[in-house]
Amino acid sequence: MAIVSPSLLAADFLHLDREIEMINRSEADWLHLDVMDGSFVPNISFGFPVMEAVASACKKPLDVHYMIVGPERYIQQTARLGAMMMNVHYEACTHLHRTIQEIHDAGMKAGVTLNPATPVCLLEDIIDDVDMVLLMSVNPGFGGQKFIDTILKKTRQLRQMIDVHGSKALIEIDGGVQQQTAPLLVQAGADVLVAGSYVFRSSRPEDTIQELKRL
Ligand code: DX5
Ligand code: ZN
């Protein structure tokens with residue numbers, strides 16, 4: 001059964017309380033929070049004031065995805081938020097190994113994220129240290145984009161690397177996850193599905209989450 005992590009980016013920001021209540025009632029395993037700085041990615045989303053409010057109401061573990069330059073500057077603040085997982089981009093971290101250690105020292109699980117054009121083989125020397133690899137199946141920055149098909153091959157490559165290493169890392173896929181793409185991703189070896197618009201724009205979001213879980 002896939003772990004499902006709905007992305008709050010597609011939620012109705014005017015009624016976040018209702019959206020979080022829906023997540024709490026649903027079978028969602030985690031809640032995915034997309035932080036964007038307008039520099040690493042072209043868009044700006046939300047930051048700590050919003051995440052603190054969400055954390056105070058959300059009963060599901062928080063899966064925070066930083067699309068920002070120098071995410072290591074926010075490790076302590078993210079830990080204070082009570083986040084379960086802190087995902088940082090490979091492309092945004094000069095000293096990735098140190099950053100992963102610091103995330104662990106702060107008491108969180110550590111994830112490394114790859115943009116669509118960044119190959120899986122670059123993770124060879126860090127795969128034993130991370131709890132999750134987040135593969136972007138769209139270019140980060142916006143919800144509702146078209147799924148990039150090459151991610152299926154990449155997911156299989158990563159599955160193989162993880163198995164060869166005996167690593168405990170989970171594979172999470174983010175971007176364009178919906179009815180057609182989700183089963184293919186699970187088949188290719190994905191453990192965690194992030195879904196933004198597919199869940200929050202659904203007329204019955206709780207059923208949509210349940211459907212993703214039952215794949
Ligand atoms: C994109 C974000 C995603 C986004 C996914 O940069 O990282 O988490 O919310 O949105 P959908 O599921 O609509 O493609
Ligand atoms: Zn994300």
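Four residues hold the zinc ion (ligand 2) on the protein side: His32 through NE2, Asp34 through OD, His65 through ND1 and Asp174 through OD, at 2.0 to 2.3 Å. Keep in mind that this is a predicted model.

**The zinc site**
- Six donor atoms surround the zinc ion (ligand 2), and with angles of 69 to 167 degrees among them, the site is octahedral.
- For reference, ideal angles for six octahedral donors are 90 or 180 degrees.
- Along the chain, the donors of the zinc ion (ligand 2) are spaced as H-x1-D-x30-H-x108-D.

**Ser7**
- You'll find Ser7 in the loop between β1 and α1.
- Ser7 counts as buried because its relative accessible area is 4%, and the cut-off for buried is under 20%.
- Its side chain makes a polar contact with the side chain of Asp34, at 2.6 Å.
- Leaving aside residues up to four places away in sequence, Ser7 touches His32, Asp34, Val194, Ala195, Gly196 and Phe200.

**Helix α8**
- Helix α8 spans residues 205-213, and its buried residues are Pro205, Thr208, Ile209, Leu212 and Lys213.
- These residues sit on the same side of α8, because they cover an arc of only 140 degrees around the axis.
- An α-helix has 3.6 residues a turn, so residues three or four places apart point the same way.
- The cover over the buried residues of α8 includes β1 (3-6), α1 (16-25), α6 (181-188), β8 (192-195) and α7 (197-200).

Methods:
Residues numbered from 1 in each chain as written. Chains lettered and ligands numbered in written order. Predicted model: local features only at pLDDT ≥ 70, side-chain atom pairs only at ≥ 80, totals over all residues. Heavy atoms only, no water. Donors = N, O, S within 2.8 Å, 3.2 Å for Na, K, Ca; no water. Tetrahedral: all angles 85-135°; square planar, octahedral: opposite > 155°, others 65-115°. Buried < 20%, exposed > 50% of the residue type's maximum accessible area, 1.4 Å probe, protein only. Helix = DSSP H or I, 4+ residues; strand = E, 2+ residues; numbered from the N terminus. Arc of directions from axis to C-beta. Contact = heavy atoms within 4.5 Å. Polar contact = N/O pair within 3.5 Å; in protein donor to acceptor, adjacent residues only side chain to side chain.
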